[in-house]
Amino acid sequence: MIRVSNNPTIDTTAKLVAVAIAMFAFVFVVMVPLYNVLCDALGINGKTDGSQYTSVPVAVDESRTVTVQFVATNNEGMPWEFGPSVTAMKVHPGAVNDTVFFARNPLPKDMVAQAIPSISPSRAVKYFHKTECFCFNQQPLEANADAEMPLQFIVDQDLPKDIQTITLSYTIFDVTDAVNGSVAAR
Amino acid sequence: MGDHHHGPAKGLSRWLFTTNHKDIGTMYLWFSFAMFILGGAFAMIIRAELFQPGMQLVEPAFFNQMTTLHGLIMVFGAIMPSFVGLANWMIPMMIGAPDMALPRMNNWSFWILPPAFLILASTLFMEGGAPAFGWTFYAPLSTTYAPPSVTYFIFSIHVLGLSSIMGSINIIATVMNMRAPGMTYMKMPLFVWTWLITAFLLVAVMPVLAGAVTMMLMDIHFGTSFFSAAGGGDPVLFQHVFWFFGHPEVYIIILPAFGVVSQIIPAFSRKPLFGYASMVYATAAIAFLSFIVWAHHMYTVGMPIAGELFFMYATMLIAVPTGVKVFNWITTMWRGSMTFETPMLFCIGFLVLFTIGGFTGLMLSIAPADFQYHDSYFVVAHFHYVMVAGAVFSMTAAVYYWLPKWCGRMYNETMGKTHFWISFIGFNVTFFPQHFVGLAGMPRRIPDYALQFTDFNMMSSIGAFIYGASQILFLYNVIATIVAGKPTSEEKVWDGAEGLEWTVATPAPYHTFETPPAVR
C-alpha cells in the first residue's frame, strides 16, 4: 500500500479524501456516460438513433399487419401547433409508407424547431426504419407560417411476432435561441 | 487524570471551540434529538391531515412540503447525526483511544450541520414554499417543476454531505490508527466494526449524492440537461444516481443500529455475543451487496427483464447475511440469564419489528409483485419498520444503556419501561395498518384518500399521536436523569456489560485513556 505520509492519521485521511473526490468524479465521468452507452446498446429508453436508413430491397410481407400510431407532443413552452395528419396507420412489414406531420408557428417571429423521436415498445426500436424524416433536420418556420413535414418509414420484416402496435412519438423543441448562437437562458 | 490537564472551558465557547469527542458527541445527540422532534412535528401534521378523508387542515402543497421535509430531516438530521454522536462518544472509549483522530475536523463537521438544517427549514418561509418533491427528490419534479427554494435545498444537502464525509473520515482514521495496543480488528466491539464499515459506505456514496444535487443545480441554473429529456438528458438517470447513493444509505442508517444491538443483547443476556466473526463478515457482506441492488427501488421504470431479475436476486441475497445476524442475536439470548431493563426491551422490540420490516422488504424485492406495492403505503409501512423500529429503537436503547456512564446518574426505570411500551404499541398501531391500506391500493404522499381507507388511517393517526407523545416522556426522562437522577459511581453500571468503556470511572471523565489500556 502506498504511504502518503509517515503520520498514519494523515495518511489515512489523505487516502479517504482522495476516495471521496474520486466518487464525486465517478458520477460525472462514469455513471452519466455509462448510462447513455447502456441505453443505446440495449435500446431501452426508446431513443432511435436519428440517422437515415438506406433501404434494402425485400419482399413485402402482406400476411402481417402492424398498426403504427403517431403521437405529437410540444415541449414545455413550445407554442407551435404540431400534430400528425393521421393518428394511426395499418402497414405491412417491408412496405414503404409515407405520412406527414403539420406544424404552424403562431408567433409573429421566425423560429426554429427540432423534433425528437421515441418509439414504444422499446424492443421495436431496431425494427423501425425511417428513410425520410423531418426529425433528421431542424425545421425553421417564419412568423405565422405553416409547413407539412414528411415522414417515410419501413417496418422491418423481422419485427417480433408479438408486437402488433408500434407507437412513434415526437416531441418538438424550440431551438431558436440555440441556433442563433446564444445558449438558452432558463 | 493529571493536574496539568484542564477540564472543559466555561460557557458557550466550550461548545463552540471544543475538540473533545465527548462534548461533540453530546452536541450531535442533542442536535439530532431536536431534529427528531422537528421531523416528528411534521409527521404529526401529516397524520392529522390523514385522520379523515377529504381536505381537513392543510393545503395539498403544504402537505407535500411536510412529507418531503419529514423524510429529509429524519434521515439526514435525526438518524444519521444521532449515530455519529454515539460514535463520537463511544468509539474512542471502546478502543481505548484518548480522543478522535482528527479533533478539530470533528468540531467542524458538527458545527456545519446546524446551519445546513437551518437553511433547509428556512425554505418553509420562502416564496413558493419548501421543497415539495419527496425526500427522494426525483427529477423533473426537483428541477423543472421545483419551487425556487430548491437551490437552498441543494446547498443544504451539499453542506450536510460534507459533514457526513468528514465525520466518517474521522471515524475510519480513529479506528485504523488509534486502537489500544492488543486491540486487534477481530477484538473490536461490534459497534466499532459496524461503524467502521458504515463510514466506508459514507465516504463512497455521500459524494454520489453531492454529484446528483450538483447535476440538479447545473440543470436548473447553468443550462445543462442531465435530467431533462428536452436537452437530450434523461430523468431516469436521476433515479439511478440517486439510488446508487440511496441504497447504501439505508444500510448506513441500519448498520450502526446492528452494532448497538450487538452490544446490548449480550449485556442483558449475560453471555458473550454468539458468532462474533460471522457478525463481522455478515456486516461486510451487507455493505458490499448494498452497492449492487439500487435498481430494486425502480422496478417500474422499464428496465430490461435481465436487469429486473439481477436486481431481484441480488436483493434477496441480502436476506442471508441479515438472517445470520438475527439468528445470532436470538442465539445470544438463548439460555442466557436474561433481564429486561429498558435498553434490553428496546433491543428485543428492535429484533421483532426489524424482522417484520425485513420480511416486507423481501416481499418488495420480488420484481413482479413490486409493481403492485410500488409507491403505496405498503412501502411506507416497510421502511418505517426498519427505520423507526430499527434505527430509532436501537438508538433509544443506546441512550438508556450508556446514559448512566455519560452522566453518572441512573434514569428512572419505570418511566423507561413505560416509554418502551407506549412506543411499541404506538408504533405498531401507526404502521401495521399501513400494510393493509397499501396492499389495498392507497398511494403514498397524498393528502386525501378513498373512503374505504378511513378506518385504518384513523388508527394510524391515533397510533402516531401516541408514539409522538411517548417521545416527550423520553425527553423528560433524559433531562430528569441528567438533572436529578440517582447518582451512581459504579464503573460497570450493568453487571453483564463488557468492554473498555465500562472500565473508566462513572461518570466518564472529560479525558479518558490518556495512557492506552492493556488489551489481552
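Two strands pair if DSSP finds at least two bridges between them. Helices and strands are themselves DSSP runs, numbered from the N terminus; a helix is a run of H or I of at least four residues, and a strand is a run of E of at least two.

This report describes a predicted model, in which local features need pLDDT of at least 70, side-chain atom pairs count only at pLDDT 80 or more, and totals for chains, interfaces and linings use all residues. Residues are numbered from 1 along each chain as its sequence is written, while chains are lettered from A and ligands numbered from 1 in the order in which they are written.

**The sheets of chain A**

Chain A contains an open sheet of four strands in the order 2-4-8-6, with antiparallel pairing. Its edge strands are strand 2 (81–84) and strand 6 (128–133) of chain A, each of which pairs on one side only. From one strand to the next, the twist averages 25°; axes are lines fitted to C-alpha atoms, for helices over the stretch in contact, and angles run from 0 to 180 degrees between N-to-C directions.

| Strand pair (chain A) | Bridges | Partners |
|---|---|---|
| Strand 4 and strand 8 | nine bridges | A:V100 and A:P150 |
| Strand 6 and strand 8 (residues 146–155) | five bridges | A:K130 and A:F153 |

In a regular strand the side chains alternate between the two faces of the sheet.

An open sheet of five strands is also found in chain A, with mixed pairing and the order 3-1-9-5-7. Strand 3 (88–91) and strand 7 (139–141) of chain A stand at its edges with a single partner strand each, so one side of each has no neighbour in the sheet. Within this sheet, strand 5 (residues 111–120) and strand 9 (residues 165–174) of chain A run antiparallel and are joined by eight bridges. There, A:I119 stands opposite A:L168 of strand 9 of chain A.

**Helix packing in chain B**

Helix 9 (residues 276–289) and helix 11 (residues 319–333) of chain B pack at an angle of about 150°, and their axes are 8 Å apart. These two helices of chain B are therefore roughly antiparallel, a term for angles over 145 degrees, whereas angles under 35 count as roughly parallel, 65 to 115 as roughly perpendicular and the rest as oblique. The residues of this contact divide into six nonpolar, three polar and one charged. Ala, Val, Leu, Ile, Met, Phe, Trp, Tyr, Cys and Pro count as nonpolar, Asp, Glu, Lys and Arg as charged, and the others, Gly among them, as polar.

Helix 5 (residues 113–122) and helix 6 (residues 150–177) of chain B have axes that come within 8 Å and cross at roughly 160°. Helix 5 and helix 6 of chain B are therefore roughly antiparallel to each other. Among the residues that meet here are B:L113 and B:F117 of helix 5 of chain B and B:F153 and B:L160 of helix 6 of chain B. This contact of helix 5 with helix 6 of chain B has eleven nonpolar, two polar and no charged residues.

**Where the chains meet**

In total, 24 residues of chain A are in contact with 26 residues of chain B, contact meaning that the C-beta atoms, placed from the backbone, lie within 7 Å. Helix 1 (residues 8–42) of chain A supplies the largest share of the side of chain A that touches chain B, 16 residues. By class, that side of chain A has 17 nonpolar, five polar and two charged residues.

Definitions and conventions. Two residues are in contact if their C-beta atoms, placed from the backbone, lie within 7 Å.
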